[in-house]
Amino acid sequence: MTAVADAAVRTSPHFPTDPPARRRRGTVRERFPGLALPALVWYAVFMIGPVVAMLVIAFLSWPGMLVTPSWAGLANFQTVFADETFWAAVRNSAVQIVVGLPVMIVLAFLLAFYVVQKPRGHGVLRYLLFIPALISAPATAMLFYTMLNPDGLVNGVLRPLGVEGTAWLADPSTALGAIIAVELWSGIGYSAVLIAARLDGVDGEIVQAARIDGAGDWRIAWRMYWPIAREFIGVVTMLQFLSLLFNSAQNVLLLTQGGPGTETTTLAYLIYQKAFVEADLGYSQAVGVILFVIGLIGMGTIRRVLRATH
Amino acid sequence: MARRTTALPLRDRIGSLTSGTLAWLYAALLLVPLYFFVVSAFKSNEQIFESPLTLPTDWDLSNVTTAIRQADLGLAVANSAITTVAALALTLLLALPASFALARSTGRAGKVVEGVFALGFLIPSFAALFPTFLLAAALGLFHTRTFVVFLLPATALPLSVVILTSFMRTIPRELEEAASMDGATSLQVLRQVYLPICVPGIATVLLLNFLSFWNAYLYPLILIGPDTAQRTIQVALPTLKVDAGTDYGVLMAGTLVTLLPVYLVYSVLQKQMQRALLSGAVKG
């Protein structure tokens, strides 16, 4: 309040004829964006509230909706860390990120690089690249469910080539790969259009000059475009990292329900499964907290690796 | 291109080949499944398995009508439309005044509030799905569309506020001061000065949120549940998949129905939609 009064005094010489009440209100409005309050409250109730509740529930023993929860301390975390399923989920999420993310970003960058050279058909290409971003997770999942079933399109194409396919989503050796493939399919296009939008801003004359000096595409892509767009690519990488880490639960739920066994149980899916299938609420939210921390560490790492170099 | 000579290092020649090959390979990987999916919507299981890539023998809509009847898709489309439109309206109602206030505020409080919204990009709202479900129950709104209409704008606020605020910052202060001189209140300034100029920004926010609201899956699944009178199209669609003996033609026909509204909007507003999707990464 004193700051507000101070400000009112300081600004008063500018509007000597204004009535004092009105002057103060104007200053308060400037200092505190009151019209932002409804949005802030809304956001706090529906977003921040549940996250805070998650942090609390992680420390409660709550084995089912109808049971009264009791304080558990770190017991949930001990259970989680002693659980083989949790470690399987860690491994699956790690594979998903370590394999999926670099492949997605590098391919998206190369695609974006190709598109901004404006080759023949680049308009068509740009139009197509947007399509996966328009399709919902259930629609994408149903499409892949149809293509990957034992009699589906993928095996139908492979058979004439002499390759015997499998039940991709049910075979323990291919299920996780199939989930990653679905994510790559929908993630590469969107990442590519985002990166292309950044590459479009690169000055064509420098590139032309480099070409005259005999630099080929490969060098222009990695030595010129990549460093220029590096920081923005970092932003796209973070976006896709969070999407892989959290939203993978939808694909897993729609396609494999974590199976066969625990082959496709990712951390995000484990949170869902423990909360809504097995009703082990403390466990579920403890994994939620762990995933939250992993998310922050991952973001920090990506930022460090892809920071602008200057 | 004409300047390229055979003297280029091998690596560079391979490089120019790979990015083009990759691009068209990915394009094919996008197109073939989409083609397969559209033609499958007009075929029976046998036809899909026997000849996955041939055109259907006749374009009859029996799969579509079966899908609509089996999963109550008509009702589901209506539910999705109601939820999406109401949530979009609520988002604007909350985000517009907030962005207006943030764009004009000069104090530290404004910076803090903006920071709080920007932090929202980091919040894994999905991990907190269970507490969200408790909140719905506590408000007596569990298994209703109403709660999802309340919740979706909250998930969209960070990006919407960031986009609209940066848009409103470009509006010169003089315009507003002129209006204030004439005795206009804040809300009048917002309505008469800011809104008309911000139409492109509002369009971006609307399109971006239209996509994410229409396509939302986990929230409606958990919070609205399986009741056919309330459930949205994204929740209804996967019910066409059954563990034994899915009719893939019907499943693809159902998928086609869920995609039509989005595809219609995309083909009419292609440029705006692309711009909207590009602003999805304005801030990390």
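This is a predicted model: local features need pLDDT of at least 70, side-chain atom pairs count only at pLDDT 80 or more; totals for chains, interfaces and linings use all residues.
Local features require pLDDT of at least 70 and side-chain atom pairs count only at pLDDT 80 or more, while totals for chains, interfaces and linings use all residues. Residues are numbered from 1 along each chain as its sequence is written, and chains are lettered from A in the order in which they are written.

In chain B, an unreviewed UniProt entry annotates residues 77-269 as "domain: ABC transmembrane type-1"; such annotations may be inferred rather than shown by experiment. This stretch of chain B is 75% helix and 0% strand (DSSP runs of H or I, at least four residues, and of E, at least two). Its end C-alpha atoms are 21 Å apart.

Within chain A, helix α5 (residues 84-116) and helix α11 (residues 217-255) have axes that come within 9 Å and cross at roughly 140 degrees, the axes being lines fitted to C-alpha atoms over the stretch in contact, with angles from 0 to 180 degrees between N-to-C directions. The contact residues divide into 15 nonpolar, 6 polar and no charged (Ala, Val, Leu, Ile, Met, Phe, Trp, Tyr, Cys and Pro are nonpolar; Asp, Glu, Lys and Arg charged; the others, Gly among them, polar).

Between the chains, the contact takes 82 residues from chain B and 81 residues from chain A. Helix α1 (residues 10-40) of chain B supplies the largest share of the chain B side, 20 residues. That side comprises 56 nonpolar, 21 polar and 5 charged residues.

Key. Two residues are in contact if their C-beta atoms, placed from the backbone, lie within 7 Å.
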